[in-house]
Amino acid sequence: MRSGLLLLFSLVGTLVQACPSGWIQHGERCYFFSIVDAGSWSEAGGYCRNFNAQLAEPDTPSAVTFLDGEVRDKHPKQGEYYLGGSDFFVEGEWRWASSLNVITNAPWGSGEPNDQLGKEDCLALTIIGYWNDVPCNTSLPFVCQVDNEFSQTAIG
Ligand code: GN1
Ligand code: CA
């Protein structure tokens with residue numbers, strides 16, 4: 001019985017800290033950098049949602065720094081990656097898609113966001129870490145985010 005309980009706890013202990021295979025853990029979130037372009041910002045979000053995830057919303061300094069490091073070190077050849085932010089509703093007012101909270105911690109590149117040709121309403125992480133606004137119909141790879149198992153099952 002005792003060893004059975006120990007086995008149970010050690011199994012739970014393994015499961016609760018895991019990210020899905022191919023995803024990377026940071027704090028209580030898992031991130032996935034897509035290999036291929038998925039299409040528009042909306043389609044990229046659809047891919048994430050198909051896996052019960054969402055486009056990444058790095059809304060803390062720690063998350064910003066982490067994704068910056070990841071994109072520079074491990075994903076340097078894929079151009080820009082969609083993140084889950086947009087100024088779709090009010091030009092110049094950038095919001096996270098899931099919460100509609102105003103984005104307050106954006107490490108915009110120099111001169112960005114520039115709404116080039118009046119057509120750039122979607123948020124992208126560039127391969128050198130800073131953020132840029134791009135047309136929402138640009139075909140780009142993307143970063144998904146999901147809570148890891150630890151934050152979902154910590155109480156259970
Ligand atoms: C890119 O290269 P160009 O001028 O077409 C970028 C814009 C940036 C601009 C900065 C799809 O546009 O968002 O503001 O560089 N376009 C894309 O010079 O990434
Ligand atoms: Ca831009």
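L100 counts as exposed because it has 8 C-beta neighbours inside 10 Å; a residue is exposed with 12 or fewer other C-beta atoms within 10 Å of its own, buried with 20 or more, and partly exposed in between, the C-beta atoms being placed from the backbone. The model described here is predicted: local features need pLDDT of at least 70 and side-chain atom pairs count only at pLDDT 80 or more, while totals for chains, interfaces and linings use all residues. Residues are numbered from 1 along each chain as its sequence is written, chains are lettered from A and ligands numbered from 1 in the order in which they are written.

L100 lies in the loop between β5 and β6, and its phi is near 65 degrees, a positive value in a residue other than glycine. Strands (E, at least two residues) and helices (H or I, at least four) are DSSP runs numbered from the N terminus. D115 belongs to the loop between β5 and β6 and, although not a glycine, has a positive phi of about 45 degrees. With 14 C-beta neighbours inside 10 Å, D115 is partly exposed. P113 is found in the loop between β5 and β6, and the peptide bond joining E112 to P113 is cis, with omega about -5 degrees.

## The four-stranded sheet

An open sheet is formed by four strands in the order β5-β4-β6-β7, with antiparallel pairing. The edge positions are held by β5 (95–96) and β7, each with a single partner strand, so one side of each has no neighbour in the sheet. Two strands are taken to pair if DSSP finds at least two bridges between them.

Between the antiparallel strands β4 and β6 there are three bridges, and S86 stands opposite C122 in β6. Strand β6 (residues 122–125) also pairs with β7 (residues 131–134), in the antiparallel sense and over four bridges; here the bridge partner of C122 is V134.

## The β6–β7 hairpin

Five residues lie between the strands of this hairpin, in which G129 takes a positive phi near 95 degrees. Y130 is in the loop between β6 and β7 and counts as partly exposed, with 16 C-beta neighbours inside 10 Å. Leaving aside residues up to four places away in sequence, Y130 touches P107, W108 and G109; contact requires C-beta atoms, placed from the backbone, within 7 Å.

N132 lies in strand β7 and is partly exposed, having 18 C-beta neighbours inside 10 Å. N132 and G109 are 23 residues apart in sequence, and their C-alpha atoms are 6.3 Å apart.

## The shell of ligand 1

N132 is one of the residues around ligand 1, together with E80, E112, N114, Q116, E120, D133, V134 and T138; the criterion is a C-beta atom, placed from the backbone, within 6 Å of the molecule. By class, this shell has four charged, four polar and one nonpolar residue. Asp, Glu, Lys and Arg count as charged, Ala, Val, Leu, Ile, Met, Phe, Trp, Tyr, Cys and Pro as nonpolar, and the others, Gly among them, as polar.

## Helix α2

Helix α2 (residues 41–50) has W41, A44, G45 and C48 as its buried residues. They lie on the same side of α2 because they cover an arc of only 100 degrees around the axis, the arc being that of the directions from the helix axis to the C-beta atoms. The elements covering these buried residues include β3 (54–55), β4 (81–86), β6 and β8 (143–147). Just after α2, N52 takes a positive phi of about 60 degrees.

Conventions
Two residues are in contact if their C-beta atoms, placed from the backbone, lie within 7 Å.
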